[in-house]
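Subject: Handover of a structural model

Dear colleague,

Please find below the model that I am passing on to you.

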Amino acid sequence: TSVIRDAPNREEIIARVAATTGTRLRVLPALEEARLAYVAARRWSGAGDRPLLVLDIGGGTVEIAYGTGHQPMLAMCLPLGARQVTRRWLPEGAAPAHRLRQVREDLRRALAEPPGLPAAAPGTRVLACSKTFAQLARLARTGDGTRLDLPGLRASADLLAATEVSRRGELPGISRHRAEQSLAGALVAEALMDACQAREVEICPWSTREGLLLEHLGLHHP
């Protein structure tokens, strides 16, 4: 995914893995990552032909997909992952209050630029497919960790901002190795839900990996 896809020494890494293991890595294109996340979420949800909006926050990118069938009608990939936003706008994962306001505004503008961003119209089921969303749901403690709403998400972002990076791993749901980028993940999730007019998301445990496996096994259609 984006970790290898965007690496300046990508070909060197792929060659070294191939020489060591005999396996040549295949790098997923950005839009394929979004499509496979949708395939997995559609199968997991059993949503029939109900409109489905899938949101996935990774380290380097954000994937968005929307559709009413087994394959998405729209798929997008944006360079707004939690690791990317941390490096760009939140050095060392922290920022004072005035800087947080600016980051929120920067993210709002970044998500307003892409044409055709899907909105969660009435009747649309919104699934969030990433460890970022899952950890934030556990932190917010909404729906026993199976759902996340905007008020809970905003409260979680404020809590993360007020907590030292070294102590965030002590918070419910936040793993130590993701502590530094957890604030960025919360701010991206908040901006993404706002931009897509989603007041609440369901946490889906399946994403790109499961979508790839389903297609290889021929099980992507219910």
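The notes below cover the nonpolar cores, the cavity and pocket, the cysteines, and some individual residues.

This is a predicted model, in which local features need pLDDT of at least 70 and side-chain atom pairs count only at pLDDT 80 or more, while totals for chains, interfaces and linings use all residues. Residues are numbered from 1 along each chain as its sequence is written, and side-chain values use heavy atoms, with hydrogens and water left out.

Nonpolar cores

A nonpolar core is here a set of buried Ala, Val, Leu, Ile, Met, Phe, Trp, Tyr and Cys residues joined through side-chain atoms within 4.5 Å. Buried means under 20% relative accessible area, exposed over 50%, and partly exposed in between, with a 1.4 Å probe and protein chains only. The largest nonpolar core holds 48 residues, of which L55, I64, L80, L107, F133, L192 and V201 touch the most other members. Helix 8 gives the most to this core, with nine residues; helices (H or I, at least four residues) and strands (E, at least two) are DSSP runs numbered from the N terminus. A second, separate core has nine residues, including A37, L52, V54 and L127.

Leaving aside neighbours within four places in sequence, F133 is in contact (heavy atoms within 4.5 Å) with L55, I57, A128, L148, A189, L192, M193, V201 and I203.

Cavity and pocket

Both terms rest on a 1 Å grid over the protein atoms alone: a cavity is a set of points where a 1.4 Å probe fits but cannot get out, and a pocket is an open set with protein on both sides within 12 Å along at least five of seven lines; lining residues have an atom within 4 Å of a point. Grid points are joined across faces, edges and corners, and a volume is the space filled by probe spheres set on the points.

There is one cavity of 30 Å³ or more. The largest cavity has a volume of about 80 Å³, and its lining consists of A82, K131, T132, Q135, L136, I174, R178, Q181 and S182. Helix 6 (131-140) gives the most to this lining, with four residues. By class, the lining of the largest cavity has three nonpolar, four polar and two charged residues, where Ala, Val, Leu, Ile, Met, Phe, Trp, Tyr, Cys and Pro count as nonpolar, Asp, Glu, Lys and Arg as charged, and the others, Gly among them, as polar.

The second largest pocket has a volume of about 160 Å³. Helix 5 (97-112) and helix 8 are the elements that give two or more residues to its lining, and the largest share, five residues, comes from helix 8. The lining of this pocket has six nonpolar, no polar and four charged residues.

Cysteines

The count of disulfides (pairs of cysteine sulfur atoms within 2.5 Å) is zero. The sulfur of C204 is 3.8 Å from the closest cysteine sulfur, in C129, too far for a bond, and C204 is buried at 3% relative accessible area. For C77, the closest cysteine sulfur is that of C196, at 14 Å, again too far for a bond.

Individual residues

E92 has a positive phi, near 65°, and is found in the loop between helix 4 (82-89) and helix 5. Q197 also has a positive phi, near 55°, in the loop between helix 8 and strand 6 (200-203).

With kind regards
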